[in-house]
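Let me put the model up and we'll walk through what's inside.

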Amino acid sequence: MSIKNKGTVFITRAAAVAALYVVLTWLSKIFGLDSGVIQFRISEMLCVLPLFTPAAVPGLFVGCAIYNLIAGNAVWDVVFGSLATLLGAWGAYALRNKSVYLAPLPTIVANMVIIPPVLRYAYGAEGTLPFFALTVGAGELVCAGILGVILAKTLKKYKLNF
């Protein structure tokens, strides 16, 4: 494969991950779980994809930014929510040679630290930062932790590297 083709493949993979993130988050929106104090973004299971391709790192970041923009979220949510996703994806990529069980941890931690102040100060949500960390963390544990590990194990089992 030529260098030019490698760049095209990278961009295509990143775009596919971004599109998948947007669609899955929109699915969560249908049930009212895409944002707010209780978040259950199914798309967060994709946080394990950097284990399989580095293109997933910018793909997840761009997908989160696009979704937050088209959903009309506060500018601070677009900026800091996307940053949390980028940090989580980068962390998963850094852990790519470790256990699949560790891959979701950077996403869970980044969101537990970054999103509570966004909820409090950008949206004026009533509650404490520790409470928001707990609620956001619970959603991340289910979506990124449990669903993400299931996704990673399935991709590994069927050797669906991309």
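So, the second largest cavity has a volume of about 50 Å³. A cavity here is a set of points, on a 1 Å grid over the protein atoms alone, where a 1.4 Å probe fits but cannot get out, and lining residues have an atom within 4 Å of a point. Points are joined across faces, edges and corners, and the volume is the space filled by probe spheres set on them.

Before I go on: this is a predicted model, where local features need pLDDT of at least 70 and side-chain atom pairs count only at pLDDT 80 or more, while totals for chains, interfaces and linings use all residues. Residues are numbered from 1 along each chain as its sequence is written, and side-chain values use heavy atoms, with hydrogens and water left out.

Who lines that second cavity? Tyr21, Ser43, Glu44, Cys47, Leu60, Thr85, Gly88, Ala89 and Thr107. By class that's four nonpolar, four polar and one charged, counting Ala, Val, Leu, Ile, Met, Phe, Trp, Tyr, Cys and Pro as nonpolar, Asp, Glu, Lys and Arg as charged, and the others, Gly among them, as polar. Helix α3 gives the most, three residues; helices are DSSP runs of H or I, at least four residues, numbered from the N terminus.

How far apart are the ends of α3? Its 20 residues, 75–94, should span 28 Å at 1.5 Å a residue, and the end C-alpha atoms are 28 Å apart, so that agrees. The expected span is 1.5 Å times one less than the number of residues. Buried residues of α3 include Asp77, Ala84, Thr85, Gly88 and Ala89, buried being under 20% relative accessible area with a 1.4 Å probe, protein chains only.

Now the largest cavity: about 120 Å³, lined by 16 residues, with Gln39, Arg41, Asp77, Asn111 and Ile115 nearest its centre. That lining divides into five nonpolar, six polar and five charged. α4 supplies the largest share, four residues.

Last, packing. A nonpolar core is a set of buried Ala, Val, Leu, Ile, Met, Phe, Trp, Tyr and Cys residues joined through side-chain atoms within 4.5 Å. The largest has 23 residues, and Leu46 and Leu60 are among those touching the most other members. α1, α2, α3 and α5 each give two or more residues to this core. A second, separate core of eight includes Ala84 and Ile115. Back to Leu46: beyond four places in sequence, its contacts (heavy atoms within 4.5 Å) include Tyr21, Leu60 and Leu151. Okay, that's me done.

How values were computed: Buried < 20%, exposed > 50% of the residue type's maximum accessible area, 1.4 Å probe, protein only. 1 Å grid on protein atoms, 1.4 Å probe; cavity = no way out; pocket = protein on both sides within 12 Å on 5 of 7 lines; lining within 4 Å.
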